[in-house]
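I opened my notebook to go through one protein model, step by step. Here is what I looked up, in the order I looked.

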Amino acid sequence: MLAVAAFLLLPTGSLTAGATIVGAGSQSCSAWTSRTKNAVVKGAFESWVVGFISGLNVSSDREIIGGGDFLAIVAWMDRRCKSSPTDQIGIAALDLAMQLAGSAAKR
């Protein structure tokens, strides 16, 4: 559990250099932003992000998603990807997880 917590606190810059992200998370944030044009892509991207966050939550020693507000997660990703369209979806989702973990640590 300590390893997961340490992982969540790593800066994302070090992860982009050597970590491999597969699936929808490997796509760019600009693809996330245009996902609404296709219902299948929209579902795949949103499911990938929620699954990724849920997986980190399950592997953590602390509840980080606080009940799992799907719409809040999607809205956060919308804002993040709009501001950094060249980032990978997975890196943006990791940023969200780190923010959630930081908020959970304060509780």
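**Entry 1: the pocket.** Before looking for holes, I wrote down the rule: on a 1 Å grid over the protein atoms alone, a cavity is a set of points where a 1.4 Å probe fits but cannot get out, while a pocket is an open set with protein on both sides within 12 Å along at least five of seven lines. Lining residues are those with an atom within 4 Å of a point. Grid points are joined across faces, edges and corners, and the volume is the space filled by probe spheres set on the points. With that in hand, I found that the largest pocket holds about 160 Å³ of space. I listed its lining as I65, G68, D69, A72, I73, W76, R79, L96, Q99, L100 and S103. Two or more of these lining residues come from each of α5 (70-83) and α6 (89-106). I sorted the lining by class and got 6 nonpolar, 3 polar and 2 charged residues. Here Ala, Val, Leu, Ile, Met, Phe, Trp, Tyr, Cys and Pro count as nonpolar, Asp, Glu, Lys and Arg as charged, and the others, Gly among them, as polar.

**Entry 2: ground rules.** I noted that this is a predicted model, where local features need pLDDT of at least 70, side-chain atom pairs count only at pLDDT 80 or more, and totals for chains, interfaces and linings use all residues. Residues are numbered from 1 along each chain as its sequence is written, and side-chain values use heavy atoms, with hydrogens and water left out.

**Entry 3: the fold.** How many helices and strands does the chain have? I counted 6 helices and 0 strands, where helices (H or I, at least four residues) and strands (E, at least two) are DSSP runs, numbered from the N terminus.

**Entry 4: the disulfide.** I searched the whole structure for disulfides (pairs of cysteine sulfur atoms within 2.5 Å) and found 1. C29 and C81 are joined, with 2.3 Å from S to S. This pair links distant parts of the chain, since C29 is in helix α3 (residues 29-33) and C81 in helix α5, 52 residues apart. Why is the disulfide left-handed? The torsion about the S-S bond of C29 and C81 is about -45 degrees, so I wrote down left-handed. Both C29 and C81 are buried; buried means under 20% relative accessible area, exposed over 50%, and partly exposed in between (1.4 Å probe, protein chains only).

**Entry 5: the rings.** Rings of Phe, Tyr and Trp (its six-membered ring) pair if their centres lie within 6.5 Å; planes under 30 degrees apart are stacked, over 60 edge-to-face, and the rest tilted. My search of the whole structure gave 1 aromatic pair. W48 and F52 are stacked, at 5.0 Å centre to centre with 10 degrees between the planes. They are 4 residues apart in helix α4 (residues 39-59), so about one helical turn separates W48 and F52. F52 is partly exposed because its relative accessibility is 25%.

Entry 6: I53 lies in helix α4 and A97 in helix α6. Buried or exposed, I asked of I53? I53 is buried, at 0% relative accessible area, and A97 is buried at 0% as well. I53 and A97 are 44 residues apart in sequence, yet 6.2 Å apart in space, C-alpha to C-alpha.
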